[in-house]
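Open the model in your viewer and keep the selection panel at hand. This tour goes from one selection to the next.

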Amino acid sequence: MSLDTQQFMLIEQRVTNEAKSTGAAYLLWFFLGGLGGHRFYLGRVVSGILMLLLFVFGWILLPVGVGVFLLILVGLWALVDAFLIPGMIQRHKNRIRTELTNQALKLNQPN
């Protein structure tokens with residue numbers, strides 16, 4: 001079984017409606033990048049928590065010198081994320097598209 005044009009259009013419309021905003025992701029990255037705000041928004045909760053913890057412990061350990069390395073690590077991670085955000089959004093769209101297509105194909109199967 002395959003999808004007809006109308007089903008395909010409905011799936012693409014839902015993908016568009018449910019997709020994360022690139023602009024919102026970059027705003028969160030710009031203002032809360034060190035805290036992992038963009039990762040929470042994009043559904044990457046575990047890495048967002050890790051980034052947040054590194055940031056917090058970096059500031060706590062700053063007086064003893066170790067914190068500098070943690071903050072540099074978070075800064076580099078955030079910088080790399082600036083280039084990864086479009087791919088994260090595309091993977092999110094692909095995941096939604098796959099789920100909706102599988103649901104539609106199950107509905108099309110004869111009982």
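The stops below cover salt bridges, a helix pair and a glycine.

Before you click, note that this is a predicted model: local features need pLDDT of at least 70, side-chain atom pairs count only at pLDDT 80 or more, and totals for chains, interfaces and linings use all residues. Residues are numbered from 1 along each chain as its sequence is written, and side-chain values use heavy atoms, with hydrogens and water left out.

**Stop 1: the salt bridges**

How many salt bridges are there? The count comes to three. The rule asks for a side-chain nitrogen of Lys or Arg within 4 Å of a carboxyl oxygen of Asp or Glu.

Select Glu 12 and Arg 97. Their side chains form a salt bridge, 2.7 Å from N to O. Glu 12 sits in helix α1 (residues 5–18) and Arg 97 in helix α5 (residues 66–108), so the pair ties together parts that are 85 residues apart in sequence. Helices here are DSSP runs (H or I, at least four residues), numbered from the N terminus. Glu 12 is partly exposed at 21% relative accessibility, and Arg 97 is partly exposed at 24%. The scale: buried is under 20% relative accessible area, exposed is over 50%, and partly exposed lies in between (1.4 Å probe, protein chains only).

Next, select Glu 18 and Arg 14. This salt bridge spans 3.0 Å, N to O. Both residues lie in helix α1, four residues apart, about one turn of the helix.

Now pick Asp 81 and Arg 39. Their closest N and O atoms are 2.8 Å apart in a salt bridge. Asp 81 belongs to helix α5 and Arg 39 to helix α3 (residues 37–41), so this pair ties together parts that are 42 residues apart in sequence. Are the two buried or exposed? Both Asp 81 and Arg 39 are buried.

**Stop 2: α4 against α5**

Show helix α4 (residues 45–60) with α5. Their axes come within 7 Å and cross at roughly 145 degrees. Axes are lines fitted to C-alpha atoms over the stretch in contact, and angles run from 0 to 180 degrees between N-to-C directions.

Color the contact residues (heavy atoms within 4.5 Å). On α4 they include Leu 50, Phe 55 and Trp 59; on α5 they include Leu 70, Trp 77 and Asp 81.

**Stop 3: Gly 75**

Finish on Gly 75 in helix α5. Gly 75 is partly exposed, with a relative accessible area of 37%.

Notes
Helices (H or I, at least four residues) and strands (E, at least two) are DSSP runs, numbered from the N terminus.
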